[in-house]
Amino acid sequence: MELKKHQEKNSSDYYYEVRNLDRISKYRSLSAVERAARIIYLNKTCYNGLFRVNSQGQFNVPFGRYKKPNILDEDVLKAVSKYLNKPQVKLLNTDFAEAVKKAKEGDFIYFDPPYDPVSDTASFTGYDANGFNRNEQERLKEVVDDLTARGCRVMLSNSQTDFIMDLYQDYQDKIHIVKAARNINSKSFKRGKINEIIVLNFSVSGLS
Ligand SMILES: C[S@@+](CC[C@H](N)C(=O)[O-])C[C@H]1O[C@@H](n2cnc3c(N)ncnc32)[C@H](O)[C@@H]1O
């Protein structure tokens, strides 16, 4: 198993050597399995398990300094692999509008988009080189409306900002506020529970 070669290597030097691979031409010759093992290793050993790339698509999260990260969890990996290889599971790497184009009446769709930043300084929206700004949030809301009109059941999570509350006001009676643990924040005092919203386009008895 390719991940085994990274297993006992939780050092800053090794981490940056592996992180650096997508900045050199050798990256293009890595197999899909080698790339997957690299990203699992980085995810387990980087700062707060964050996924972030720079404008050139290069992974740029610093080393995490964990004492004993569980780099290779064979049972979980095998279980997830078995599940994802079921014939009814299809993974798409595409825009959200494209991904739900063929959704039919009665289908259930969950959206977990990049979160609207809670304050201007907390502008962590750069998951990828394209970012996800408020125009994108508005475009996603139009897709939710379209799915609603087509009879699909939709669930969406986001941060509880004025902008998002306003955007989803049509679903007002089906917005649920939940406290979510967040440790992806550069300032440790800002980590902890924050309000998130769950928007539904259908009612669930017992949920307030
Ligand atoms: C909050 S994360 C979701 C994390 C995921 N649910 C998980 O548990 O790992 C938001 C995701 O939206 C993706 N994203 C950004 N723009 C997108 C787009 N236009 N269409 C589909 N997905 C997009 C980002 O790449 C990122 O993975």
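User: Let's start with Tyr41. Is it buried or exposed?
Analyst: Tyr41 is buried, since its relative accessible area is 0%. Keep in mind that this is a predicted model.

User: How many aromatic pairs does the structure hold?
Analyst: There are eight aromatic pairs. In one of them, the ring centres of Tyr14 and Tyr41 are 5.5 Å apart and the planes sit at 75°, so that pair is edge-to-face.

User: Which helices do those two lie in?
Analyst: Tyr14 is in helix H1 (residues 12–19) and Tyr41 is in helix H2 (residues 32–45), so the pair ties together parts 27 residues apart in sequence. Tyr14 counts as buried, because its relative accessibility is 14%.

User: And what about Tyr15 and Tyr16, how are their rings arranged?
Analyst: Their centres are 5.1 Å apart with the planes at 90°, so this pair is edge-to-face. Tyr15 counts as buried at 0% relative accessibility, whereas Tyr16 is partly exposed at 32%.

User: Which residues do ring pairs link into a cluster?
Analyst: The cluster has Tyr14, Tyr15, Tyr16, Tyr41 and Phe63.

User: Switching topic: which residues touch the most other members in the largest nonpolar core?
Analyst: Phe111, Leu147 and Tyr168 do, out of 21 residues in that core. Strand E1 (108–111), helix H5 (134–149), E2, helix H6 (162–167) and strand E4 (192–200) each supply at least two of its residues. H5 gives the most, with four.

User: What does Leu147 touch?
Analyst: Skipping residues up to four places away in sequence, Leu147 touches Val100, Ala103, Ile109, Phe111, Cys152 and Val154. There's also a second, separate core of 14 residues, with Leu3, Tyr14, Leu50 and Phe63 among them.

User: Where is Asn158 found?
Analyst: Asn158 is in strand E2 (residues 153–159). Asn158 counts as buried, because its relative accessibility is 0%.

User: What lies 3.0 Å from a polar atom of its side chain?
Analyst: That's the backbone nitrogen of Asp116. Leaving aside neighbours within four places in sequence, the contacts of Asn158 include Pro113, Tyr115, Gln137 and Glu196.

User: Last one: which ring does the charged end of Arg153 sit over?
Analyst: The ring of Phe202, with the charged end 4.6 Å from the ring's centre. Elsewhere, Arg35 lies over the face of Tyr27, at 4.5 Å from the ring centre.

How values were computed
Residues numbered from 1 in each chain as written. Predicted model: local features only at pLDDT ≥ 70, side-chain atom pairs only at ≥ 80, totals over all residues. Heavy atoms only, no water. Buried < 20%, exposed > 50% of the residue type's maximum accessible area, 1.4 Å probe, protein only. Polar contact = N/O pair within 3.5 Å; in protein donor to acceptor, adjacent residues only side chain to side chain. Contact = heavy atoms within 4.5 Å. Phe/Tyr/Trp six-rings, centres within 6.5 Å; stacked < 30°, edge-to-face > 60°. Lys NZ or Arg CZ within 6 Å of the ring centre and 35° of its normal. Core = buried A, V, L, I, M, F, W, Y, C linked by side-chain atoms within 4.5 Å.
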